[in-house]
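This report is for a reader who meets the structure for the first time. Look at the chains below before reading on.

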Amino acid sequence: MSDTNGAHGDAGATAASTDASLNARVKTPHRRPWGWIVLAAVAAVAIVVGVVVGVTRSGGDRAAGASDTVTIGLKLAPTNLDIRNQSGSALDQILIGNVYEGLVARDENNQVVPALASSWEESADGLTYTFHLNENMTFSNGDVLDAEDVVWSIRDLVDNQYHDASSLANFESIAATDANTVELRLSAPNSNLLWALTGRCGLVLDRDADYDAQTEAVGSGPYLVSDFRANDSITLTANPDYWGGHQAKTPTVVVRYFADDNAAVNALASGDVQVLAPISDSLADQFRENEERYTVKAGDGTDKYVLAFNSAGEHTADIRIRQAIRCAINHDEIIASRGGTDAALGGPIPSLDPGYEDLTDVYPYDLDRARALMAEAGYSQDNPLTLRLEYANTYGTELGDQLRSQLREIGIDLDVEVVEFSTWLQDVYTNRDYDLSLVDHNESHDFYQWADPDYYYNYDSPEVQDLYARALAATDDAERDALLARAARIVSQDAAADWLFNYRVTSAWDNGVEGFPVNLNQTQLPLWDVTYTA
Amino acid sequence: MMARFGAIVSSLWRRAGGRFSLVVLGLWVLVSLVSLVWTPQPLWRTDGYDVWAAPSAEHWLGTDGTGADIVSWLMAGSRTDLLIVILTVLFAGALGLLLIAAMTARNSVLANTSVVAVDALISVPTILIALILAVPLGASVAVIVVACGFGYGLNLARVARPQALLVARSAYVESAVSNGASGVRVLFGHIVPNILPVLLVQLSLSAGTAVLAESGLTYLGVGVPSGTPSWGHSLATTVRFITVYPLTVLWPGLVVTVVVVALNLFGDALRDAVDPVGNPALRRVAVEETEA
């Protein structure tokens, strides 16, 4: 290997600039002031080159101390950074808590915790919320963040009906009572309000900042977006003037997006990324076995794999058929085939949401009971009922194959159609032309689906609708949780759907990485605490 | 006629490539037929507790990600692929002959337009046709058959045209036409027998490519629908895990490779076997037939 071929570009560049700066220094005493400018320019170049070289090298073999850069591999990439208009959880994941901050935030157990507001009170009638803001807050551009910004942000959201504005149900008004106090009024109680404010609708933006929201982001969080490449990567650098307690521990976080699972796994194995979330469970074994280098962990989440039954369908309107299907599905077997990390789920509310109860005993796996129910409805293995299962191809063909195999045992011939997402949207979601469908409903606090007779489930239970309305109006969390739990039990008993499992996201990281959130990391991914020591 | 057939088969059998392809293709047909009545495990059976199992007495080649038996799915897949290959070859052959007839027509307007049309259409990628067809049809066997049949039919016509044109403009065809032979009669009585070797090679190449296309299109989600066994289905469901369970990808990959090689060798061997110049046995039969 010869150094003269120019292959070692950075070495050559360093040498050249060193020579230049030495020459410049030799000349300075004898020159007029413009010589200083030359010297300054050369020095600036030398520093920039030095920094660039230093940064590119720091990912490698620094012996002690935390690395300056952590590279994280994620899956779903945002197409632009416009958090007001662009839908998709990929944006929430990367921007909320890192670049933008809300009035309140959620912790790893999906509970509401202070953020820009250090505390809050709720009036006894549940109609007025008073938020006390932290003092001396600033945006990353230096602008002061106070109650006026909070009021403007939420009014702007509601006036323009930006994305997610609908979750501020019953919003009436918001006003600043002083520089650090905000009062939000509702027309009727909304027990979901605080949690809703941990998402997009609670974000506080700088009204005076002038930036292109598609490619830039100006917020008050611990990180700045220094580089954004659509569908490829985002580079976050620490906000040097961050006001709060979540000061970034790592100066640069690079987030790379891998649509292909194998490419992602290769990137982790080769050290291109230090963290991968999610990692396909079947591909994680090579990292599980290498405990000295990697940690592999599954986190809790709110992804519910819902096998929806069309409650107004020709055959699925018959509750006996729906009950039979629920009894015939061996959830443990499906979970085992996926690697055993997912959790069984017997109803519409996952463990991290309010109103959760273990409902797996409502319809336990029982083939005899399932066959008896089918016989009552007039079907058997010799006289099978044909049902169509249509779902989007993002979920793979395996689940359809397994369900067909399991339901065959009770006399249901499952005709599985795995289609493009747009076809699914048209057939199932819009036209409700389906018997069974399969969707990963990953949203948290989404019980409203079961209280909305116009949702694609066609599930219409006045009792559930009433319970949900009362839960929303509840002014006390325990009361809300109890009402939701009752409603969830009814939905489960009515066999409005089957919940195949609660998908738990598996993440894998190099053992040098600390502070990476495991729970709920596909919806919000606060990175300030992440460090990497090579 | 039987004697001719026997002479061709025995000539095929004497060639190494021909023998290999005859054995593989024979097995293919046999396995397809057997899979209609028997597979080692019921096709629909899955077992979540026994996924990605290594080969065993129960599962000869192991199981896939749903715990389904790989051998059974490959066996059942062979009949889907056989059906696709037969339909594609028939479609390509019919389209090819139609275009050859048009391109060698005595009507020069028809002949010239069809030449230009074939040259233009041949530049449309088969995969693009398949993706467009999948919009109305969804994932289905018809997408593969029509897209491949269309592409290979055009190709066949273009490759066979020079030879077909020589025949069509030959003195004996001129005399047949002046004796009142119809266009159809000329096509099947004179042109087809003369370009038969080219046709056979092209169609067997098409058959091999159709097997590959089935795998590729099914992987893209526009080929064989989910739940229908096919080699492409077996590949598509396992290829994501190639780094972890390489064996499960190897089996369908091996089957596809062996069959495609066999189809290509079959075409070559068949061309030699049906060509009286290369096959003395065939000349003998021809002499005997004329004497009889």
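Chain A has 534 residues, of which 43% count as buried. The model described here is predicted, and the predictor gives the complex an ipTM of 0.84 and a pTM of 0.82. For chain B, the mean pLDDT is 92, with 99% of the residues of chain B at 70 or more.

In secondary structure, chain A has 14 helices and 20 strands. Among contacts in chain A with a separation of 6 or more, 70% are between residues 24 or more positions apart. An unreviewed UniProt entry lists residues 111-444 of chain A under "domain: Solute-binding protein family". Over residues 111-444, chain A is 25% helix and 28% strand.

**Contact between the chains**

On chain A, 22 residues are in contact with 19 residues of chain B. The table shows the elements of chain A that give two or more residues to the side touching chain B.

| Element of chain A | Residues |
|---|---|
| Helix H6 | 261-270 |
| Helix H9 | 331-337 |
| Helix H11 | 398-408 |
| Strand S16 | 412-419 |

H11(A) provides the largest share of the side of chain A that touches chain B, namely seven residues. By class, that side of chain A has seven nonpolar, eight polar and seven charged residues.

**Helix H11 of chain A**

H11(A) is also mostly covered, with 10 of its 11 residues buried. The buried residues include Glu398(A), Asp401(A) and Arg404(A), and Leu399(A), Leu403(A) and Leu407(A) are also among them. Against which elements do the buried residues of H11(A) pack? They pack against two helices of chain A, H8 (319-328) and H9, and against the strands S15 (385-392), S16 and S17 (436-441) of chain A. Of these partners, H9 and S16 also give two or more residues to the side of chain A that touches chain B.

**Leu484 of chain A**

Leu484(A) lies in helix H14 of chain A, which covers residues 477-493. Leu484(A) counts as buried because 26 C-beta neighbours lie inside 10 Å, and the cut-off for a buried residue is 20 or more. Apart from neighbours within four places in sequence, Leu484(A) is in contact with Ile349(A), Pro354(A), Gly355(A), Phe447(A) and Ala471(A). Between Leu484(A) and Ala471(A), the separation is 13 residues in sequence and 6.1 Å in space, taken from C-alpha to C-alpha.

Definitions and conventions. Residues numbered from 1 in each chain as written. Chains lettered and ligands numbered in written order. Predicted model: local features only at pLDDT ≥ 70, side-chain atom pairs only at ≥ 80, totals over all residues. Contact = placed C-beta atoms within 7 Å. Helix = DSSP H or I, 4+ residues; strand = E, 2+ residues; numbered from the N terminus. Nonpolar A, V, L, I, M, F, W, Y, C, P; charged D, E, K, R; others polar. Buried ≥ 20, exposed ≤ 12 C-beta atoms within 10 Å, placed from the backbone. UniProt positions renumbered as here; feature names shortened; annotations may be inferred. pLDDT = per-residue confidence, 0-100.
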